[in-house]
Amino acid sequence: MKKLVLIPSYLGDKNYNNHFPIDNKAQINEIQVFFVEDIRTARRFLGHIKVKTPIQDLIFEVVDRKTTKQEVQSLFKNYKNQPIGVLSEAGCPGIADPGALAVEVANDLNYEIVPLVGPSSITLALMGSGLNGQSFRFVGYIPVKKPDRIKRIKELDQESLTTYSTQIFIETPYRNEHLFNDLINTLHPETRLCVACGLLSENQFIKTKKAKDWKKADKPNINKIPTIFMFLNKD
């Protein structure tokens with residue numbers, strides 16, 4: 001059966017069972033082959049939800065940021081006519097995730113694409129931000145070097161004002177604090193900035209304030225914790 005199933009994984013380990021759609025399990029139980037970002041994470045997730053097939057009998061192939069399109073095409077040839085699952089390290093595969101390459105190849109090969117319901121940190125953060133949810137743009141990562149990053153923040157701030165659109169982006173967790181400081185010191189004082197950290201974990205934090213008010217507030221504990229940043233300039 002030429003079917004590619006996109007399987008959302010957990011965001012917060014502690015209470016994941018509260019957010020796992022029961023109907024997903026029936027689909028996952030049909031799959032013996034998984035394209036995964038990290039084998040250890042994938043095995044832990046499938047063990048956590050107690051899939052029907054013993055973990056040691058499942059097949060795992062790594063599809064990560066280093067995997068080429070040609071390599072993914074070869075993997076599909078190896079598992080012709082078998083349903084394949086795609087698992088990212090956290091959240092929804094294919095969104096800011098190397099699993100998108102598997103979906104691209106599967107479309108080329110006329111696979112049925114089956115996205116399952118599950119947690120997306122980007123969607124959850126936008127829901128909790130109070131910012132514009134009708135017009136928004138996910139821009140992924142912004143530059144690491146400070147001068148380039150400051151320039152990009154200013155560009156996105158102006159774009160937000162011009163188009164009245166929420167700008168959404170992420171950072172490598174250990175650089176979260178540097179990015180946060182650059183945001184509050186670069187954005188227009190009236191720009192509303194949302195910080196959404198550790199979503200679906202016991203220590204989940206979502207807060208939106210104007211940039212000028214973040215400067216006066218207690219700084220959130222976001223160091224080394226997966227965080228979504230977003231802002232809206234409507235001044």
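This is a predicted model: local features need pLDDT of at least 70, side-chain atom pairs count only at pLDDT 80 or more; totals for chains, interfaces and linings use all residues.
Strand 7 and strand 10 pair in the antiparallel sense over four bridges, and within this pairing Ile170 stands opposite Ile228 of strand 10.

On another side of the account stands strand 8, which pairs with strand 10 in the antiparallel sense over six bridges. Here the bridge partner of Cys197 is Thr227 in strand 10, while Cys194 stands opposite Met230 in strand 10. Strands of a sheet pair through backbone hydrogen bonds, either parallel or antiparallel.

These pairings belong to an open sheet of five strands, whose order is 6-7-10-8-9 and whose pairing is mixed. Its edge strands are strand 6, covering residues 136–141, and strand 9, covering residues 205–210, each of which pairs on one side only. On average, and with direction ignored, neighbouring strands of this sheet are turned by 15° against each other.

Strand 10 is mostly covered, since six of its six residues are buried. In a regular strand the side chains alternate between the two faces of the sheet. Both faces of strand 10 are covered, with Thr227, Phe229 and Phe231 buried on one side and Ile228, Met230 and Leu232 buried on the other. Helix 7, made of residues 176–186, lies across strand 7, strand 8 and strand 10, and runs at about 10° to strand 10.

Ser165 can be followed next, in the loop between helix 6 (146–163) and strand 7. Ser165 counts as buried because its relative accessible area is 4%, which is under the 20% cut-off. Leaving aside residues up to four places away in sequence, Ser165 touches Ser135, Phe136, Glu159, Ser160, Phe231 and Leu232. Ser165 and Gly133 are 32 residues apart in sequence, and their C-alpha atoms are 8.3 Å apart in space.

A further open sheet is formed by five strands in the order 3-2-4-1-5, and here the pairing is parallel. Strand 3 (59–62) and strand 5 (112–115) stand at its edges with a single partner strand each, so one side of each is left without a neighbour in the sheet. Neighbouring strands of this sheet are turned by 25° against each other on average, direction ignored. Within the sheet, strand 1, of residues 3–7, pairs with strand 4, of residues 84–87, in the parallel sense over four bridges, and Leu6 stands opposite Val86 in strand 4. Helix 4, of residues 99–108, lies across strand 1, strand 2 (33–36), strand 4 and strand 5, running at about 160° to strand 1.

The largest pocket holds about 830 Å³ of space. It is lined by 33 residues, of which Leu11, Ala90, Ser121, Pro226 and Thr227 are the closest to its centre. The elements that give two or more residues to this lining are helix 5 (121–129), strand 8 (192–197) and strand 10 (227–232). By kind, the residues of the lining divide into 17 nonpolar, 11 polar and five charged.

Gly128 and Ile206 are 78 residues apart in sequence, yet 6.7 Å apart in space from C-alpha to C-alpha.

Methods: Residues are numbered from 1 along each chain as its sequence is written. Side-chain values use heavy atoms; hydrogens and water are left out. On a 1 Å grid over the protein atoms alone, a cavity is a set of points where a 1.4 Å probe fits but cannot get out, and a pocket is an open set with protein on both sides within 12 Å along at least five of seven lines; lining residues have an atom within 4 Å of a point. Grid points are joined across faces, edges and corners, and a volume is the space filled by probe spheres set on the points. Ala, Val, Leu, Ile, Met, Phe, Trp, Tyr, Cys and Pro count as nonpolar, Asp, Glu, Lys and Arg as charged, and the others, Gly among them, as polar. Two strands pair if DSSP finds at least two bridges between them. Axes are lines fitted to C-alpha atoms, for helices over the stretch in contact, and angles run from 0 to 180 degrees between N-to-C directions. Contact means heavy atoms within 4.5 Å. Buried means under 20% relative accessible area, exposed over 50%, partly exposed in between (1.4 Å probe, protein chains only).
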